[in-house]
Amino acid sequence: MKNVLVVSGHPELENESVANKNILNNLEKLMPNAEFDYLDKLYSDFNIDIKDEQSKLQKSDVIVLQFPIWWYSIPSLMQRWFEQTFQHGFSHGSSGNELKNKKIILSFTSGASKEMYKKDGFMKYSVNELLSPLYATANLCGMKIIGEVYTDNVSYLARDDSSLLEDTKERTKEHAEKVVDLIEKA
């Protein structure tokens, strides 16, 4: 049995997210034995418990990073988690091999459509360009990103429109199922 750690990087999951909250709720139902690390609940003050987070990472075989694209990147709380937890000598460097061969799944959402995230689209950058720091981090640490699950066009504004809300719920359920499928194939 694989040890799965799901790290939720949304900084205000309860108040500001429909999609990420639904994805996580579905993942909890589909994977009751996984460990869920809700950074917004644990570290709203940005004071990361480094040893605890490193211990969770060491015990995991597969790490799912769940987050929204936030100002063309990962949310600052998740960035802080990386900055504090992925320390030289732990995750990288001549003696830092604690994360080597761990598998990562990037599971993310955007309020804008995929069409906007293209060179000739409104954003002028692709989602893969925006996520390149995650690939570089995985490479530095000897980790392998085994897949991405991306659901676009899921603005938090959907919470006020019943038809959009139903569409978001269905698409985020499918999103969670795709994440589980990647884990099972890992």
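These notebook entries record what I looked up on aromatic contacts and salt bridges in a predicted model.

**Entry 1: aromatic pairs**

I began with the rings and found seven aromatic pairs in the structure. One of them joins Trp 81 and Phe 86 in an edge-to-face arrangement, with 5.6 Å between the centres and 65° between the planes. I then looked up the accessibility of both partners. Trp 81 has a relative accessible area of 0% and is therefore buried. Phe 86 stands at 11% relative accessibility, so this residue also counts as buried, the cut-off being under 20%.

Phe 86 has a further ring partner in Phe 82, with the centres 4.8 Å apart. Phe 82 and Phe 86 are both buried.

**Entry 2: a cluster, and a charge over a ring**

Which residues form an aromatic cluster? I noted Phe 67, Phe 108 and Tyr 150, which belong to one cluster. I also checked Tyr 38 and found Lys 41 lying over the face of its ring, 4.4 Å from the ring centre.

**Entry 3: salt bridges**

I next turned to charged side chains, for which the count is 10 salt bridges. Among them is the contact between Glu 115 and Lys 118, with an N to O distance of 3.0 Å. Glu 115 is exposed at 54% relative accessibility, whereas Lys 118 is partly exposed at 35%.

**Entry 4: helix α8**

Where do Arg 171 and Asp 167 lie? I located both in helix α8, which covers residues 162–185. For Asp 167 I recorded 35% relative accessibility, which counts as partly exposed.

Helix α8 also holds Asp 181 and Lys 185. I recorded a salt bridge between their side chains at 3.0 Å, N to O. Asp 181 and Lys 185 are likewise four residues apart, so about one helical turn lies between them. Asp 181 is partly exposed at 34% relative accessibility, while Lys 185 is exposed, with a relative accessible area of 63%.

**Entry 5: a salt-bridge network**

Finally, I looked for salt bridges with shared partners. Such bridges join Asp 37, Asp 52, Glu 53 and Lys 56 into one network.

How values were computed. Residues are numbered from 1 along each chain as its sequence is written. This is a predicted model: local features need pLDDT of at least 70, side-chain atom pairs count only at pLDDT 80 or more; totals for chains, interfaces and linings use all residues. Side-chain values use heavy atoms; hydrogens and water are left out. Rings of Phe, Tyr and Trp (its six-membered ring) pair if their centres lie within 6.5 Å; planes under 30 degrees apart count as stacked, over 60 as edge-to-face and the rest as tilted. Buried means under 20% relative accessible area, exposed over 50%, partly exposed in between (1.4 Å probe, protein chains only). A charge sits over a ring if NZ of Lys or CZ of Arg is within 6 Å of the ring centre and within 35 degrees of the ring normal. A salt bridge is a side-chain nitrogen of Lys or Arg within 4 Å of a carboxyl oxygen of Asp or Glu. Helices (H or I, at least four residues) and strands (E, at least two) are DSSP runs, numbered from the N terminus.
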